[in-house]
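Please look over the structure below. This report walks through its helices, strands, rings and cores.

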Amino acid sequence: MKTTHDIYLAHDHNLSSHIVFLDISKAFDRVVHTNLLLKLKQIGIVGSLLNLITSYLENRSQVVRSNGSTSAICYTNCGVPHGSVRGPLLFLIYINDISDNIQSCMSLFADDTTLYFSSKFPSHLHLVLSEDLLTLGKWSDTWNVRFNAQKTKVLTISSNRGEHLPRIFENMQLQEVGNHKHLGLLFHNSLSWHPHIISLHQRAMRHVNRLRSVSNLVHRFSLFSIYNSFILTIFDYGSVVYDISSQSDALLLDSAQTTAAKIITRYVKATANDTVLNDISFVKLGMGV
């Protein structure tokens, strides 16, 4: 929401924007324990709590088992435990200072990091982003975090398609794309959510077809539960961002929901859509603009 809001505001003021979708390689495995403990001290974690976290991280070992054979024990001084409750929090603390000394806006969500900046002048865009990418490179060297330049993508939102941001990061040329999926939402350089909605409709219809295949085997209540779990969740996720779509896009989403509703209620196809939706208290997914 924050990223799209800022980009929309810039677009309304006739500013060009560049969004850099950064990719951190093996993010959770890059956390050096000694560096993490240092950062914990810097934010005031001391005493018994620091000792507890130190004990949690130290002397972690791992082995590999394959075809009945087991490797030697290997002790590691990096990484936070995958799948643990504390792992994501410790990782967030580890990278929380990544935005220090950055002039652009940064959006952080776990290991999904986005850098974006808007300006009326291409030269200003180039200067600020060049400096920020250089700063990120120095930060990564200091804290043993590696960005994957091959998977880092650049999205340009500008009426002047001749504008390009600096392409070099981590000694590699960055790839500029017309759209990019970030946190499950398909961003497009035209600021249109139509490609994202097409993708949502396709995903939803695959589940609707599965719902149809079991419709004669289970009760209506079970079909309703399947819809809520596997289909409605597709539409719900990120809807607060993409629900400024056109009327035609809204109708496309409603068509998938209506098809699912007719399967659940076992109404014939010719039944009026409003009748079907009212029967199971479904509301239309989007009004469009």
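## Helix α5 and what follows

Helices here are DSSP runs of H or I with at least four residues, and they are numbered from the N terminus. The model is predicted. Helix α5 covers residues 122–143.

Which residues of α5 are buried? They are Leu125, Val128, Leu129, Asp132, Leu133, Leu136, Gly137, Trp139, Ser140 and Trp143. An α-helix has 3.6 residues a turn, so residues three or four places apart point the same way.

The largest nonpolar core has 36 residues. Within this core, Leu36, Tyr94, Leu115 and Leu136 have the most contacts. The elements that give two or more residues to this core are β1, α2 (33–42), α3 (47–57), α4, β7 and α5. Helix α5 gives the largest share, 7 residues.

There is also a second, separate core. This one has 33 residues, including Ala204, Leu223, Leu253 and Phe282.

## Aromatic pairs

How many aromatic pairs does a search of the whole structure find? The search finds 4. Take Phe21 and Phe187. Their ring centres are 5.9 Å apart and their planes meet at 55°, so this pair is tilted. Phe21 belongs to strand β1 (residues 16–23) and Phe187 to strand β13 (residues 185–188), so the pair ties together parts that are 166 residues apart in sequence. Both Phe21 and Phe187 are buried.

Tyr94 and Trp143 make an edge-to-face pair. Their centres are 6.4 Å apart, with 80° between the planes. Tyr94 sits in helix α4 (residues 86–95) and Trp143 in helix α5, so to speak two distant parts of the chain, 49 residues apart, are linked. Ring pairs also join Phe21, Phe187 and Trp193 into a cluster.

## Around Tyr94 and Trp143

Is Tyr94 buried or exposed? Its relative accessible area is 0%, so Tyr94 is buried. Trp143 has a relative accessible area of 13%. The cut-off for buried is under 20%, so Trp143 is buried too.

Tyr94 touches residues from beyond its own stretch of chain, not counting those up to four places away in sequence. Among them are Arg30, Val31, Leu36, Lys39, Trp139 and Trp143.

Charged side chains sit over rings as well. Lys39 lies over the face of Trp143, at 4.0 Å from the ring centre. The charged end of Arg86 sits over the ring of Tyr56, 5.4 Å from its centre.

Strand β8 covers residues 153–157. Of its 5 residues, 5 are buried, so β8 is largely enclosed by the rest of the structure. Both faces are covered. On one side are Lys153, Leu155 and Ile157; on the other are Val154 and Thr156.

Which way does β8 pair with β1, parallel or antiparallel? The two strands pair in the antiparallel sense over 5 bridges. Ser17 stands opposite Ile157 in β8. With strand β11 (residues 175–177), β8 pairs in the parallel sense over 3 bridges. There, Glu176 in β11 is the bridge partner of Val154.

## A hairpin

Strand β6 (residues 105–109) and strand β7 (residues 112–119) pair in the antiparallel sense over 5 bridges. Phe109 stands opposite Asp112 in β7. The two strands β6 and β7 form a hairpin with 2 residues between them. In the turn, Ala110 has a positive phi of about 55°.

## Val214 in its loop

Where does Val214 lie? Val214 is in the loop between α6 (194–213) and α7 (220–230). Its relative accessibility is 26%, so Val214 counts as partly exposed.

Val214 touches Leu223 and Ile226, leaving out residues up to four places away in sequence. Val214 and Ile263 are 49 residues apart along the chain, and their C-alpha atoms are separated by 9.8 Å.

Conventions
Residues are numbered from 1 along each chain as its sequence is written. This is a predicted model: local features need pLDDT of at least 70, side-chain atom pairs count only at pLDDT 80 or more; totals for chains, interfaces and linings use all residues. Side-chain values use heavy atoms; hydrogens and water are left out. The expected span of a helix is 1.5 Å times one less than its number of residues. Buried means under 20% relative accessible area, exposed over 50%, partly exposed in between (1.4 Å probe, protein chains only). Rings of Phe, Tyr and Trp (its six-membered ring) pair if their centres lie within 6.5 Å; planes under 30 degrees apart count as stacked, over 60 as edge-to-face and the rest as tilted. A charge sits over a ring if NZ of Lys or CZ of Arg is within 6 Å of the ring centre and within 35 degrees of the ring normal. Two strands pair if DSSP finds at least two bridges between them. Contact means heavy atoms within 4.5 Å. A nonpolar core is a set of buried Ala, Val, Leu, Ile, Met, Phe, Trp, Tyr and Cys residues joined through side-chain atoms within 4.5 Å.
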